[in-house]
Structures are given as structure tokens and as C-alpha cells.
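I am keeping these notes while looking through one protein model. Each entry records what I looked up and what I found.

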Amino acid sequence: MPTPSPTVLPIRRLTLRDHTACADLSEDRGWPREEHKWGFLLAAGKGYGIDDPEGGLVAACVVTEYGLQDRPDLGAIGMVLVAKRHARQGVGRRLMRHIVSAMGTTPLTLHATPNGRPLYEELGFKVIGQTEMLLGHFTPDGTNPGIATRPATAEDLTGILRLDEEVFGADRTHIITRLPAFADQLRVAEESDRIIGYAGVWPNMDTQVVGPLIARDTRTAKALLASLAAHSDRPLRTDIDVRHEELLAWAKKRGLVSVAFNAVMTYGIAELPGDWSRRFAPLTVAAG
């Protein structure tokens, strides 16, 4: 029997049992395996994939929804991957069209690489912004930022969730409550016993990714980033909204190097909800 074309193979929902196959797909495309991240995303979001009759996956992606379970305010699309042997056959376009249709009237967002951007534009996504990926060993400057930071505790969760929803613009309790188990560190900045920012850093192969980074202002964001770095011996990676020019310049002086830019795109809304001025970096570009 001839092998069916990948353009007609069924699209199905992925589960946590598929995280190894998803990691294999990442590796096939030259990405890190990122099994820790795949497990997190598949647990918190909805995975979609196409099985390869010869084994493994033809394609995969994850949608993370925010807001009410039956009526989400926003869906973030990430980890859109097509196996190298099935590239340029329309598989990614078919998978994305399926997701856009399945999400109905829910506004969508994603971070697009330069290679992926033309497909998303063809499907109706619009560029509304840009993030800059930084990577490297952070070198402290020895100054006192004047902002108190400390490890987050269970008692901080209510304050973190309240601040996060205000800044992000949608409820993402199901994501934030998973952070203590997912992240290596979760820290808060506070003033007068009030949480004014929080940030996490989580393991990703030989680096640690800083995200989310939510802060009242740039000075608070610097304090959080520096405090995370002080308790890590790995290279740090983060994706910072390019409008935060002061933080980007400061981080580069501290040893982080620009390695890539991604376009922030939306479908169904002209701008992302929330307050971008206090949203410095996403948890991961795959989940917003």
C-alpha cells in the first residue's frame, strides 16, 4: 500500500504521552529537544499533531488558552513544527488552518521566526511588535538596585496571580500555578509588603530561560533579572519586548548578547490585552 500524503492524514489532539515524539520532532528540525518545556505545554495547553504512518509525528503544535475555560480571552500558538522529510508540502499551512478554525472567534497570538512569518501573514496574522532574544552569562555590576527581591512562597500566590492578570490582561492561573514545579527559581519584588513584580527562570537544555518577567518599572525588572542571575551558574536566555530599550541596553552591558528577533503577531485583535509597559518577557514565546 502506498504511504498516504501527509496533507490528508488526520489531525488529532496530543497528550502528555506524546511529549517524547514532540521532542524527537524538535530534534529533527535542528531545535533542542526541550522535553521539559514540551511536558509543561502539553499539560497546560492543547496539543495538535499529525501521526506519521512510518512512526513519529509529521507535525505538531500547542495552543495555550487564557481566560474562562469555555470562552477563552486569548489563545497563544507555539511550537509549530513539521518534520524535515515532510517540509514544503503544505502540512504546516493545513495544521494552522485547522487551529484557527478550531479556535473560532477567540483572538490568537504567536511569536514568529523570520522563516515562519510569511505563512502566518498568508493566514491573516498581523505583526504588532517584536521581541529580541538575548543569551549569555550575566555579569553583575555590583550596584544595589534599591528594590527588595526574595524567593516566592505559597503565601505570595494570590498576589502574583492578581498582578499577572492585571498586566497580562487575561487570567492564566493554570499556567502560573504550575510555575513552582516547572521553574528552578520563582522570585518576587516587593515594596511596603506589596508585590510589584515577579519573575521565573526555568531549565532548557544547557541554559536557563528567564520568564515570565513582570515588573512595575524597568528598575524593578533589572532587580529581578539580577537576582535570578545571582542564583544561577548557567547561561541565561530571555526574550524581551523591544520597546523596553533601557532593559535591553542594560542586559547587553551585563553580558547578554542578541541572538535573534521574533515578530509578535495577532489574529482577530489589533493589540494584545493588558499593560505592555509592565510585561517585559513572556514565560516562553510558545505560550506568550
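**Entry 1: helix 8.** I started with helix 8, residues 218-230, which has 13 residues. Its first and last C-alpha are 18 Å apart, close to the 18 Å expected at 1.5 Å a residue. The expected span is 1.5 Å times one less than the number of residues. Helices here are DSSP runs of H or I with at least four residues, strands are runs of E with at least two, and both are numbered from the N terminus.

Buried means under 20% relative accessible area, exposed means over 50%, and partly exposed lies in between, with a 1.4 Å probe and protein chains only.

**Entry 2: ground rules.** I noted that the model is predicted: local features need pLDDT of at least 70 and side-chain atom pairs count only at pLDDT 80 or more, while totals for chains, interfaces and linings use all residues. Residues are numbered from 1 along each chain as its sequence is written, and side-chain values use heavy atoms, with hydrogens and water left out.

**Entry 3: helix 5.** Helix 5 covers residues 157-168, 12 residues in total. It reaches 16 Å from first to last C-alpha, close to the 16 Å expected at 1.5 Å a residue. Which residues of helix 5 are buried? I found Ile160, Leu163, Asp164, Val167 and Phe168. Seen down the helix axis, the buried residues of helix 5 fall within an arc of 115°, so they line one face; the arc is that of the directions from the axis to the C-beta atoms. The face of helix 5 turned away from the buried side carries the exposed residues Thr158 and Arg162. Gly169 follows helix 5, and its phi is positive, near 90°.

**Entry 4: Glu65.** I looked up Glu65 in strand 3, residues 57-67. Is Glu65 buried or exposed? Its relative accessibility is 15%, so Glu65 counts as buried. The side chains of Glu65 and Lys46 are joined by a polar contact of 3.1 Å. Such a contact is a pair of N or O atoms within 3.5 Å; within protein, one must be able to donate a hydrogen and the other to accept it, and residues adjacent in sequence count only if both atoms are side-chain atoms. Not counting residues up to four places away in sequence, Glu65 also touches others, including Leu74, Met103 and His174; contact means heavy atoms within 4.5 Å.

Entry 5: Asn262 lies in strand 12 and, at 9% relative accessibility, counts as buried. Leaving aside neighbours within four places in sequence, the contacts of Asn262 include His111, Gln130, Asp239 and Val285.

Trp276 sits in the loop between strand 12 (257-267) and strand 13 (279-281). At 35% relative accessibility, Trp276 counts as partly exposed. Trp276 and Arg243 are 33 residues apart in sequence and 8.8 Å apart in space, C-alpha to C-alpha.

**Entry 6: the whole chain.** I ended with totals for the protein chain, which has nine helices and 13 strands. Of its 288 residues, 51% count as buried. Among contacts between residues at least 6 apart in sequence, 72% join residues at least 24 apart.
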